[in-house]
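Here's a quick briefing to read with the model open beside you.

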Amino acid sequence: MLARTTDPIVAIATASGRGAVGIVRVSGARLAPLIEAICGRVLKPREATYLPFRDAGGEPVDHGLAIHFPSPNSFTGEDVLELQAHGGAVVLQLLLARCLEAAAEPDPVTGRPRLPGLRVAEPGEFSQRAFLNGKIDLAQAEAIADLIDASTEAAARSAGRSLSGAFSREIHTLRDALIHLRMLVEATLDFPEEEIDFLQKADAAGQLAKLQSQLAAVQQRARQGALLREGIKVVIAGQPNAGKSSLLNALAGAELAIVSAVAGTTRDVVSQTIQIHGVPLHVADTAGLRESSDEVEQIGVARAWGQIESADAVLFLHDLTRAALPDYAAADAEILAGLRRKLPASVPVLDVWNKQDAAPSTEPAEGIALSAKTGLGIEALREQLLAMAGWQAVPEGVYLARARHVQALAQVEAHLALAASHLAAQAQLLDLLAEELRLAQNALNEITGEFGADDLLGVIFSRFCIGK
């Protein structure tokens, strides 16, 4: 549920731990009495003032900068007070407690509490208020959290573009074109007795085709943005001693997994997130797939299959030095059959042939040959992993997007396809056409939050950090 949006709120807006500077942020209506109680004076709007932050007895809790952003020219659209103090955890907790205490104290003039109802903010509530007060739309609000959580430079830059409104502007352009098309259809429905074919004269079919083309371009960039944010899960699978742990280490550029000539060394899943051109790939090394009487190894094999079933892509690792052995080839064929049974057709499986340094004359019929030991072929595998992930765009041209944005755009695509079929029908099913266009606009509106369910907004903002 949405938080109580009329209450004044306060929170520590910087990360926990020691630091040079920490910030306590207050947002609400009519903060002047609280400001005077803590700062001892009236603050000039949007001007940093160095002063002591005073406790109830007038003694300084700390010295720092105080800034007052009067409504509506603030991040939240409400009056905002920022207290920038030294970044010790105790100091900031004292300032937070002082704000709550001063809010409840009676004002010397009116005798009423200085700031009734001041409470500690919930996660994401400052950004939520910025959205509700029209300072940012929902896609921009999500970009704030994405910018904070960005794990790569490319993701941070893309989140910055989303926060500046690049993604939202594209959605608004689509929406405006859709609204214009809806207007033409509604006009035809409202005046059926007129012998004026609004749709034909306005080239409604051409407008719809152009809209679908624009949507396809936005979808492509959104998919790339979602990939930058989410990455993909890649599982390395294969028989024991094929070099899965060595491959993980080679891809990560670090000794993460134990490497041994003893088959079955890896008993549990070892995971690492690597970056290729700024795209995060969550790579999992698993136990060798084989029948075993060892109870612990059986558990490891079961966990390996569990990882495989949730993978976005699978690297099926083969040993070139054993590839020609009948028993080894038969075991590989059995694993491949298991992969086909357990994986959807949409999940790619890439054949990777390891130990090329020990079998240089052996060339596989398909897949990538490499040596995890020497690094031969690793770069080619990295590029192939990006291609498997669907990465195509240049990061500088991408805005960060979320899975829900991609899903909403897919809904728009489906509704526009149905609309095109209704428009092309001989009878021109205008009622159905109008409904599909309306549903397409609703799906677009979900992205920017033009209107949306309260529970959706609650879920989104609850995942923010406190103070943001």
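Two strands count as paired if DSSP finds at least two bridges between them. Helices (H or I, at least four residues) and strands (E, at least two) are DSSP runs, numbered from the N terminus. Keep in mind that this is a predicted model, where local features need pLDDT of at least 70, side-chain atom pairs count only at pLDDT 80 or more, and totals for chains, interfaces and linings use all residues. Residues are numbered from 1 along each chain as its sequence is written, and side-chain values use heavy atoms, with hydrogens and water left out.

**The whole protein**
- The protein has 15 helices and twelve strands.
- Of its 468 residues, 47% are buried (under 20% relative accessible area, 1.4 Å probe, protein chains only).
- Take the contacts (heavy atoms within 4.5 Å) with a separation of 6 or more: 66% of them link residues 24 or more positions apart.

**Strand 2 and its cover**
- Strand 2 spans residues 22-28, and seven of its seven residues are buried.
- One side carries G22, V24, V26 and G28, the other I23, R25 and S27, and both faces are covered.

**Strand 2 and its partners**
- Strand 1 (residues 9-12) runs antiparallel to strand 2, joined by four bridges.
- In that pairing, I9 sits opposite S27 of strand 2.
- Strand 5 (residues 79-85) also runs antiparallel to strand 2, with seven bridges between them.
- Here I23 faces Q84 of strand 5.

Conventions:
Buried means under 20% relative accessible area, exposed over 50%, partly exposed in between (1.4 Å probe, protein chains only).
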